[in-house]
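I have a new structure to look through today.

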Amino acid sequence: MADEKLLPMSEGLVAFITEWKKKPGNLIMVLHKVQEEYGYIASEVAIEVSRMLEVPLAKIYGVATFYHLFTLKKPGKNKIAVCMGTACYLKGAQDLLDELDTILDCKAGEKTADDMFSITGVRCIGCCGLAPVLTINGKVYGNVKTDQLADLLAPFQNAK
Amino acid sequence: MAYKNFALVCAGTGCHSTDGQEIYDNLIASAEKHGVSGDVQVVKTGCFGFCEQGPIVKVLPEESFYVKVKASDAEEIIAEHIVKGRAVDRLLYKEPGSKTAGKIEDMGFYQKQLRIVLRNCGLINPENIEEYIAREGYQALGKVLTEMSREDVINELKTSALRGRGGAGFPTWMKWNFTKQIDGVDKKFVVCNADEGDPGAYMDRSTLEGDPHSVMEAMAIAAYTIGATQGYIYIRAEYPLAIERLEIAMKQAREFGLLGDNILGTDFSFDIEIRLGAGAFVCGEETALLASIEGERGIPRPRPPFPAVKGLWGRPTLINNVETFANIPMIILKGGAWFASIGTADSKGTKVFALTGKINNSGLIEVPMGTTLREIIYDIGGGIPNGKKFKAVQSGGPSGGMLTAEHLDTPIDYAGLQALGSMMGSGGLIVMDEDDCIVDVVRFYLEFAVDESCGKCSPCRIGGRKLLNIVERMTAGTATEKDLENIEEISDAMKKASLCGLGQTTPNPTLSLIRYFKDEMLAHVHDSSCPAGKCKDLVKYTIDAEKCIGCTLCARRCPVPCISGGKREAHVIDQDACIKCGECYTACKFDAVKKG
């Protein structure tokens, strides 16, 4: 991670933070934007945000660690999110996570050794009619069966 | 230009994420190719509700209801239906057991529904304000600003007897009146709670995606009534499509002078800002939600003072949920008395439910209060798939309770559900069949509640964890009598001493388990067995030697492998090696593999 250049921030991000600095209650909106840009909230970026917003770093971490959506760890190249809403759970979401672990040797909340995939169990994404549902890089796949997973992942595994 | 036909393409998240956008693009391309672009208008609409059959395309004026449409079907719909005027029979929805397609209003799924909140969903293009205006949109705001005093609005709401749709069911008019009565402050706020965190519920998302203006119009009416100038919509970041549609709607409303300064030429000014949640269930609780809008950790604080007195940044704040707001314009236009004529003595109007789980017609439905569970599950929902037996339905998500077969004929309203140990909640209805283990489902809900507890007060933080430990022991077959006694005590403490609704309602699913599924629970505790065969630690697969014909299919499917036996000989499972994956059980064609 050290060899990656995270700073300075992009002009767009700086402009966003400058704009939101004027509004009260801006921290969560700013953290969303940071995560959208980097995929996670890196420590050097958090320090920079703290400086720009004039908010203590402890508060930034307090907020970032409270909310499930924010992550401090860099995700894998391809992000798999398995819906763990009730409807999906009843229809076998846990089996999907187990099968993903078998195929990729990676559990929910982790990332594969080659950084290609990270897997998360997420709260309801609201496509309960399609349960069980998972998303890969934001694209929704519905009515997924465990025996389809290998085929579903293949294009992402090959595209290194 | 007068169009002959309208092709409405469902663009709710369910349909949209499968093929919706491509279907829309292909319909337009095909219409151009066949030179009928002037005859048919292709419209992206909000959710039709019948998600099970999605993606859906509805063609007007014939009301042809095309289901499970693929992107490649667009060409045929244009070439056959629009050009030649012949419906594409193979895509038309047909009721189970029927070979011909009926009218939409005769479909079992829609027959018992009454759409007030969802009145525009699946009918108008949510990205075009003019379509909303054409359906009486913003007329209620106009009426309020020009003809009604602030007291008139409160009185109309009082007559309507509308109660909050977010879960607790507090009378809406009282909330508005409290906030209105506070004087001598520099600012007041209106907040829309769109933090729909209940897993398995998507009513609010669909409303915002399908008809964002109805919620914004109601917020403006609320602002006028209580004397606010700024509104916030607090919405889950997991709902990108709803956020996008809201942003478009807000931009258009500003252009039309329906948001911003001097709305409709009056001296009333009001604007709305979107604030994103970040995945914290507790933020559905109003004081936690306000903390989150302020950019803080979403931790509830004690009430009183209520938000109506001291809310956002210490100012009086009115918080209503999406569905509550969406009812308001119709109440203003048609009158409180009209609204109060629908429903039961205790609960007026309609309720939107997300019907999911083990049900044939998963989807979004809206029914008058007082509709029975039987009507919802069997008439609208089409019953349980694969001929399985209905076991329970969970209403109110992790905060609610189960209803069983004996409650099928109970009319659904606030008081009725509460008497049964459940709650209306925001409207998730999750159906379970005989294959589902209630103990396992309760474990799932407790795991959720423990994960989502903010940790501020100890009854919730510690009590939830203790309950989860007990139920986990049940699923592992190691729970004791003492555990059963402890459940009641812990639950009682949590209900009485937790700071907010999350902790107070966390024990509900567990209490439901004791109340309605005691036998199933005791089987886990006394016999270490899971009757539904779901709890992996307790399941044992065996092969019935009488029934096994020795086809070897199970042995070939077994991943371990732990099944022995030659061709045409009865097979045996090595229990020590078995990983309980259930492959043999699914594979066997002769019903020889037993689970239990």
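**Entry 1: what kind of model.** I noted at the start that this is a predicted model.

**Entry 2: chain A overall.** I looked up the elements of chain A and found seven helices and five strands. I then read their order from the N terminus: α-α-α-α-β-α-α-β-β-β-β-α. Along the principal axes, the C-alpha atoms of chain A fill a box of roughly 50 × 35 × 25 Å. Chain A has 160 residues, and 37% of them count as buried. I also checked contacts in chain A between residues at least 6 apart in sequence. Of these, 59% join residues at least 24 apart.

**Entry 3: a helix pair in chain A.** I picked helix α2 (residues 27-38) and helix α3 (residues 43-53) of chain A. Their axes come within 12 Å and cross at roughly 145°. The crossing of α2(A) past α3(A) is right-handed. Which residues make the contact between α2(A) and α3(A)? From α2(A) I listed A:Leu27, A:Val30, A:Val34 and A:Tyr38. From α3(A) I listed A:Val45, A:Val49 and A:Leu53. By class, this contact has seven nonpolar residues, no polar ones and no charged ones.

**Entry 4: the domains of chain B.** I turned to chain B and looked up its division. Domain 1 covers 5-106, domain 2 covers 129-339 and domain 3 covers 350-433. Domain 4 covers 438-526, and domain 5 covers 541-595. I took the centres of domain 3 and domain 5 of chain B over C-alpha atoms, and 38 Å separate them.

**Entry 5: a sheet in chain B.** I followed an open sheet of five strands in chain B, in the order β10-β9-β13-β11-β12. Its pairing is mixed. Which strands are at the edges? They are β10 (363-368) and β12 (401-404) of chain B, and each pairs on one side only. Neighbouring strands of this sheet are turned by 30° against each other on average, direction ignored. I looked at one pair: β9(B) and β10(B) run antiparallel and are joined by six bridges. B:Phe353 has B:Ile365 in β10(B) as its bridge partner. I then found helix α14 (residues 373-380) of chain B lying across β9, β10, β11 (390-395), β12 and β13 of chain B. Helix α14 of chain B runs at about 115° to β11(B).

**Entry 6: one glycine.** I stopped at B:Gly421, in the loop between α15 (414-419) and β13 of chain B. Is B:Gly421 buried, exposed or partly exposed? I put B:Gly421 down as partly exposed because 17 other C-beta atoms lie within 10 Å. Leaving aside neighbours within four places in sequence, B:Gly421 is in contact with B:Gly401, B:Asn508, B:Leu511, B:Ser512 and B:Arg515. I also checked B:Asp576, 155 residues from B:Gly421 along the chain. Their C-alpha atoms are separated by 42 Å.

**Entry 7: where the chains touch.** How many residues of chain B are in contact with chain A? I found 38, in contact with 30 residues of chain A. On the chain B side, the elements that give two or more residues are α1 (13-33), β7 (271-276), α11 (286-293), β9 (350-357) and β13 (428-433). α1(B) gives the most, with four residues. By class, this side of chain B has 14 nonpolar, 15 polar and nine charged residues.

Conventions
Residues numbered from 1 in each chain as written. Chains lettered and ligands numbered in written order. Predicted model: local features only at pLDDT ≥ 70, side-chain atom pairs only at ≥ 80, totals over all residues. Contact = placed C-beta atoms within 7 Å. Nonpolar A, V, L, I, M, F, W, Y, C, P; charged D, E, K, R; others polar. Buried ≥ 20, exposed ≤ 12 C-beta atoms within 10 Å, placed from the backbone. Pairing = 2+ DSSP bridges. Axes fitted to C-alpha atoms, helices over the stretch in contact; angles between N-to-C directions. Domains from an automatic or database assignment. Left-handed = near helix turned anticlockwise from the far one by under 90°.
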